[in-house]
Amino acid sequence: MTLAVVGASHRTAPIEVRERLAFGRAELPAALARLAAEARGEAVLLSTCNRTEVYLALPGGGDGAEAARGLLASRLGAEAAGAARWLYEHRDRAAAAHLYRVAAGMDSMILGEPQILGQAREAYEAARETADEHGSVVGPALNRLFQSAFSVAGRVRSETGLGRGAASVPSAAVELARKIFGSLRGRRALVLGAGEMSEITLECLRGEGVRAAVVANRTHARACELAARLGGEAIRWDGFDAALPGVDIVVCSTAAPHPVLTRERFRAALPGGAPRPLCIIDIALPRDVEPAVGDEPNVFLYNVDDLQQVVEDNLGRRREELAGAEAIIARGVEEFWSWYASLAVVPTIRALREQGEAVRRAEVERALRQLAHLSAADQDAIDALTRALVNKLLHAPTVKLRDAAGNGRGTAAVDTVRYLFELDPDAHPSPHDQETE
Amino acid sequence: MTQILHFGALGLYALAAALLGVSLARGSRTLPRLATGVLALGVAAHLADLAAYAGRWQELPLVGLGPSLSVLALLVAVGSLALATLGRTGPIGLVLVPVAAVVLAAADAVGVRPGGEEMAFRGVWFVLHVVAALLAYAGLAVAFAAGLMYLLQFRELKSKRFGAVFRFFPPLETLDHIGRGALLAGLPLLTAALLLGWAWTERFHHPLSAGNPKVVWGVLTWLVFAGALAVRAGGGRREHRAALASVLGFAVVVAAYLFLRVSTASSAGFL
């Protein structure tokens, strides 16, 4: 039984390659069915902007990974022959550990980012919904692998600080605002400038419950467009001073070559000073807010360097958590592998049990023919006695087989048991014979 | 047994404070939870200690300096525990738990045993007076802790220092809510305590003069409460002013107590 992952990520392939390897949601069923058929195993395909990976479980061993390599190479068209340099492959324990790291965000471009866990769930669900002629392309092995990956990722997030703190400039803005206001639910925000950064920051703020957003932009139509899209209110550029007293957070991201919010303008808008804490996030370059505004009472002014400092601090602390996260991953891999290896001995255990039961039943029937004078209760007692005997005799071999599978000695143990109990119809060489050979 | 419980509670408070200090330094996520657990054990030991005291002396631990301080320490610790568990603001214990530990240590130093003058008129009014007053003082301690942390966090945010205080301390507004809530709850309790005390002494023909240390300290504390709430009126940096007033007010109340205590050293009572 083999477990394998073949793929390319931001660590091995440039964006031009990654975007060609990426699979759309609609392409997944056909690709998964092809993979499962060619590899003769289970398959899950994880495709995000930073990685495309094929996870395979191959019950018959074999080299199904070639099918995955072929599928990915075929996406590169003329460059298919050189695809190998972009691709990596991990097998067995390393493959499980890789998925766990991916799901926990440890292999992400931004260390500890949480989105990848949702994307892994979506990939798994998409594969579960895909079926070929043999049924779903996800069987017990990948089912268990992905479920355990989600569980391990959850433990990494809850037991370490890997996901703590903001890891992007917009989320750092939210973190700072939350340190001032606590909950942002019901807060009012004023956004100056309707560019991409404004939009992303506003989305983050609204995600935290910011109730009303007032958007001002030199091009009023653009302000209206952004306000409509994110559920805010657009105001004229010249009128943003009047909005200042009513807001808690100001996000500035205009392309103006000079400060649009000077100390004079601020004092004119708020003659008595800010009546309550006012958080100003200036993510424009050049800066939109004169630094002196930050000296005003009750004003907390942060520029893009401040936000970047928060991000760097957080990422540094996340890196310090990697050792703890790796320990959780290692435990998860061993737990999974113990279960996965035991799958190999299941057919042998089943055959052993069936053989024991067949022998028992035949012997009981033969004995009862000679003991026909016994009452039904006595016959039942004999039946129960023999069943208990067989169960007790087979208990130790069953447990030892499972233990051996967990310790990596499953194949040898299976061979021995099948030889000793003659479980294979054909003659089976003994382990000793194998060693001799 | 009482001694073991008492020192056990003191040790657990000290351990909880140390764990919170390490959490601040390391930015640990798990240690504050452990600190809350240790604090809960400390509160349990402290409660058992006071119950044992009541059983042994056949009276509530409300008379005399040592017992009163011990109950005050318990109330401060319970406040910190409630904020950590219900309000999810465990870091405030960084200030509150050491306060509880220091007050309990002071109780140990003066001796936790019945003291003060024999009063034939102890009864429900006396109990209500003392309990309401101690609850109000505990509220002032909470307001002090919240105010101190507010000022430190405010300074960090204003000066763009995103270090241990920024990460570990609760948000400004949360600290402000805690401080305001503690004062709003404490002021009526202290008012009730003062009125009960006055009515009680009048009822039993032991009226206190205006210069009595108890009266001076009680009125001063009431003024601190009222002042810390009054500075919230008006515009500008209301929250900042209120935090500063809470910190300074607490310092004034403690300093005044120590001064009055020293000047009336013969008394074995609370003051």
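Which residues of helix H3 (residues 65-75) of chain A are buried? The buried set consists of A:Ala65, A:Ala67, A:Ala68, A:Leu71 and A:Leu72, where a residue counts as buried if 20 or more other C-beta atoms lie within 10 Å of its own, as exposed if 12 or fewer do, and as partly exposed in between, with C-beta atoms placed from the backbone. These residues cover an arc of only 160 degrees around the axis, which puts them on the same side of H3(A); the arc is that of the directions from the helix axis to the C-beta atoms. An α-helix has 3.6 residues a turn, so residues three or four places apart point the same way. The cover over the buried residues of H3(A) includes strand S1 (2-9), helix H1 (15-21), helix H2 (28-39), strand S3 (51-58) and strand S4 (88-91) of chain A. After H3(A) comes A:Gly77, with a positive phi near 60 degrees.

The model is predicted, so local features need pLDDT of at least 70 and side-chain atom pairs count only at pLDDT 80 or more, while totals for chains, interfaces and linings use all residues. Residues are numbered from 1 along each chain as its sequence is written, and chains are lettered from A and ligands numbered from 1 in the order in which they are written. Helices (H or I, at least four residues) and strands (E, at least two) are DSSP runs, numbered from the N terminus.

Still in chain A, the loop between S4 and H4 holds A:Asp92. Phi of A:Asp92 is near 50 degrees, a positive value in a residue other than glycine. A:Asp92 has 15 other C-beta atoms within 10 Å and is therefore partly exposed. Helix H4 (residues 93-103) contains A:His98, which is buried because 24 other C-beta atoms lie within 10 Å. Beyond its neighbours within four places in sequence, A:His98 is in contact with A:Val5 and A:His90, a contact being two C-beta atoms, placed from the backbone, that lie within 7 Å. A:His98 and A:Val5 are 93 residues apart in sequence, yet their C-alpha atoms are 8.2 Å apart.

Attention now turns to a sheet of chain A. Six strands form this open sheet, in the order S9-S8-S7-S10-S11-S12, with parallel pairing; two strands pair if DSSP finds at least two bridges between them. Its edge strands are strand S9 (233-236) and S12, each of which pairs on one side only. From one strand to the next, the twist averages 20 degrees. Helix H9 (residues 220-230) packs on the sheet, touching strand S8 (212-217) and S9, and its direction makes about 160 degrees with that of S8(A). For such angles, axes are lines fitted to C-alpha atoms, for helices over the stretch in contact, and values run from 0 to 180 degrees between N-to-C directions.

Strand S11 (residues 278-282) runs parallel to S12(A) and is joined to S12(A) by five bridges. Within this pairing, A:Ile281 has A:Tyr302 as its bridge partner in S12(A). Four of the five residues of strand S12 (residues 299-303) are buried, so this strand is largely enclosed by the rest of the structure. The loop between S11 and S12 of chain A includes A:Pro286, which is joined to A:Leu285 by a cis peptide bond with omega about -5 degrees.

Further along chain A, helix H16 (residues 410-420) includes A:Leu420. With 13 other C-beta atoms within 10 Å, A:Leu420 is partly exposed. In the loop between H16 and helix H17 (431-436) lies A:Glu422, which is not a glycine but has a positive phi of about 50 degrees. A:Glu422 counts as exposed because it has 10 C-beta neighbours inside 10 Å.

Chain B has nine helices and zero strands. Its radius of gyration is 19 Å, close to the 18 Å that the globule rule gives for 271 residues, so chain B is as compact as a globular protein of that length; the radius is taken over C-alpha atoms, and the rule is 2.2 Å times the number of residues to the power 0.38. Of the 271 residues of chain B, 45% count as buried.

Finally, the two chains meet where 14 residues of chain B are in contact with 19 residues of chain A. On the chain B side, helix H5 (124-158) and helix H7 (172-203) each supply at least two residues, and H7(B) gives the most, with three.
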